[in-house]
Amino acid sequence: MFQPNMFENLHHHHQLLEMPENNNLDMLRDDEHDSNMEAPSGDDQDSNQRPNKKKRYHRHTQQQIQELEAFFKECPHPDDKQRKELGRRLSLEPLQVKFWFQNKRTQIKAQHERYDNTQLRNENEKLRAENIQLKEAIANSMCPNCGGPSALGEMSFDEQHLRIENARLREEIDRISAIAAKYIGKPTLTFPDVSSHGLSRSLDLPVSNLNLQQGKVGRMFGANDLLRSMVGPTETEKPVIIELAIAAMEELIRMVQVGEPLWVPTSDDSSHETLNEDEYMRSFPRGIGPKPMGLKSEASRESMFVIINHMTLVEILMDVKQWSNVFCGIVSRAMILEILSTGVAGSYNGALQVMTAEYQVPSPFVPTRESYFVRYCKQLDDETWAVVDVSLDNLRSSSIVRCRRRPSGCLIQELPNGCSKITWVENVEVDNGAVHEIYKVLVNSGRAFSAKRWVATLERQCERLASAMANNIPEGEVGGKYISTFITTPEGRKNMLKLAERMVLSFCGGVGASTAQTWTSLSGGGSDDVRVMTRKSMDDPGRPHGVLLCAATSFWLPIPPKQIFSFLRNENSRIEWDVLTNFEIVQEMAHIANGRDPGNCVSLLRFNSANSSQGNMLVLQESCTDSTGSYVIYSPIDVEAIDVLLNGGDPDYIALLPSGFAILPDGPGQYEGGVLEVGNGGSLITFALQIVVDSVPTAKISLGSVAIVNTLIKGTMERIKSAVASNNM
């Protein structure tokens, strides 16, 4: 089990790995404080803290060490099958065997490097002595004609020789420094590949390119890209990480299986649970360390049946791109810094990944939660798998932590007919101080990033995946109305769904407060707080060419989210709020259901406009909803592009510029008849709009362009408010 003082003892781990003559390869974990550590005085010592005791280590048995050493002589690089067999024979985890061999190889390498280090230091001393002799020879050289000091021009050969020797000396010193840094576990920093999902967006132009008049621009948001600054773990951190991951897995399994008094039903409804923090600290005293000042705890647990094979779900969770895409409304960006283990025998059993991720609410008004963590996957039995995340932020003492993930993740159980039962646990410590006022109730309630939001999103995405794999094309009446047979082939249907998926990913990736994006506020705040951002699109075939201007705002309406969602997604009511319709009738040309809820669908809309150019323009729209939130996302698309798409063209080469709405409840909701009705109160609506302001990517944004977008977004917001009031929703 992992001790709360593990991070405090990290320096001691460095010292152990620096001394290969101390056989510390069999060390499992720290248990107590070092007895040489000076105890605090009576004034400084916390009465609730235990006095410092001597540190001791759990070690492998002598028999285990002998067998590992013997195997190492024959094969220093065992494969997955050999590690698994060794672990079974010696009663060790395959990952522990892997890291023993890794540490053994590191130890032998360090011994060789120590010898090289000594040789280099000796050579360095010789070079220094030669350098001093050269300097003295130059200083004491005499002119052969007059017996006086040599002229400057006569020293060119010696000077050149001295420069060569100095350059050589510098190279040797640099080489020694590099070896020394590697030897003590402090390698030079290398930045990870940032081409993962979410980082391939078009370049944001500097805010100064907006050319806004002084006094018109408020604060800038998201100016520092935190994920780009993350680096992978050092060699000395890896043993700590593996022990932390094993302890986190044990904690997650208990958090899933244990009920009261750890999880306590709320007074409003017995089906909703809250975590008893006192019981949690008693049950898991060896956590990730004491909670930092200013952070509050959020914990939730949720179970659900989903229509997806359990192994497919494990693959989604362990593939960072699939994970980011499925949960794009929650995960704004994610990447793997280093894979410590790929698993055993070609499966994800034992897979270990060091990762970073940003978690978001779809609004620029709510800061993202950045996390540096390890993800560990383990097969518990033939039908059950578990995936756990736990924060590694405390390994980086210099970092400012705004969010720490205590062991969080899910238990996946196989069910008949390709279904699975998933039990999700979210357990974090977080600072919500920078959240905008209108989102405070929702975020502080813990619902914004709850386990329920994760499983509800997963359920909806599983239904969408099942719909995309279906080969039948429904005809005739859909949802109480006749839909023309615009889509006539399974290939055309799949291409339409694929294009809509890319549209949703683009919208969700661009509407949040990711640190990769810089939003600028156009006003002082309140209900008129509109934020803008520019992007340059040059080589992306799926995005219009030129300078793009994005604007977004969030506002509150005293109407339940389900009613707002129904109003915004309905083509018959679109005329009441969408300025692009020009007060013309909107017709639904195609309709693809992708979920059990009638609101989950992809539609192709046409504006029946007298304007001939407008008549060639269609609108692709996807609407989706679950118990925790809803989206209505759309993008203009020309008729020719749709024709190419339905005839087998690649959806990735159709340019989209999505706009739309994200609709969330304004709080935790109320209980009616023992059931939590999320959003019985009002709705929090985020509206984001994108337009091309110039077809030349190097152009600068004019104040007029910003004013037009500001007018459009505020005008749409006022139309929605007016329509809601007039319809008495």
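Student: Let's begin with serine 91: does serine 91 count as buried or exposed?

Tutor: This is a predicted model, and in it serine 91 counts as exposed because its relative accessibility is 66%, where exposed means over 50%. Serine 91 lies in the loop between α3 (80-90) and α4 (94-140), and its phi is near 60°, a positive value in a residue other than glycine.

Student: Where does alanine 345 lie, and is it buried or exposed?

Tutor: Alanine 345 lies in the loop between β8 (331-341) and β9 (352-359), and it is exposed, with a relative accessible area of 62%.

Student: OK, peptide bonds now. Which peptide bond is cis?

Tutor: The bond from glutamate 260 to proline 261 is cis, with omega near 5°, and proline 261 sits in the loop between α6 (238-257) and β5 (263-265).

Student: Changing topic, how many aromatic pairs does the structure hold?

Tutor: It holds 14 aromatic pairs. In one of them, the ring centres of tyrosine 359 and tryptophan 454 are 6.0 Å apart and the planes stand at 70°, so this pair is edge-to-face. Tyrosine 359 is in strand β9 and tryptophan 454 in helix α11 (residues 451-469), so that the pair links distant parts of the chain, 95 residues apart.

Student: And are those two residues buried or exposed?

Tutor: Tyrosine 359 and tryptophan 454 are both buried. Tryptophan 454 also forms an aromatic pair with tryptophan 424, and that one is stacked, at 5.1 Å centre to centre and with 15° between the planes. Since tryptophan 424 lies in strand β14 (residues 420-430) and tryptophan 454 in helix α11, the pair ties together parts that are 30 residues apart in sequence. Tryptophan 424 is buried as well.

Student: Which residues form one aromatic cluster?

Tutor: The cluster is formed by Trp323, Phe327, Tyr359, Trp424 and Trp454. Arginine 375 lies over the face of tryptophan 323, at 4.1 Å from the ring centre. Elsewhere in the chain, lysine 104 lies over the face of phenylalanine 72, at 6.0 Å from the ring centre.

Student: What about strand β21, how many of its seven residues are buried?

Tutor: Six of them are, so strand β21 (residues 601-607) is mostly covered. Strand β20 (residues 586-593) runs antiparallel to β21 and is joined to it by seven bridges, with valine 586 standing opposite phenylalanine 607.

Student: Now zoom out for me: how many helices and strands does the protein have?

Tutor: The protein has 16 helices and 27 strands, and 51% of its 729 residues count as buried. Among contacts between residues at least 6 apart in sequence, 69% join residues at least 24 apart.

Student: And what does the accessible surface come to?

Tutor: The accessible surface of the protein comes to about 34300 Å², and carbon and sulfur atoms account for 51% of that.

Technical notes: Residues numbered from 1 in each chain as written. Predicted model: local features only at pLDDT ≥ 70, side-chain atom pairs only at ≥ 80, totals over all residues. Heavy atoms only, no water. Buried < 20%, exposed > 50% of the residue type's maximum accessible area, 1.4 Å probe, protein only. Helix = DSSP H or I, 4+ residues; strand = E, 2+ residues; numbered from the N terminus. Pairing = 2+ DSSP bridges. Phe/Tyr/Trp six-rings, centres within 6.5 Å; stacked < 30°, edge-to-face > 60°. Lys NZ or Arg CZ within 6 Å of the ring centre and 35° of its normal. Contact = heavy atoms within 4.5 Å. Areas by Shrake-Rupley, 256 points an atom, 1.4 Å probe, with all protein chains shown as cover.
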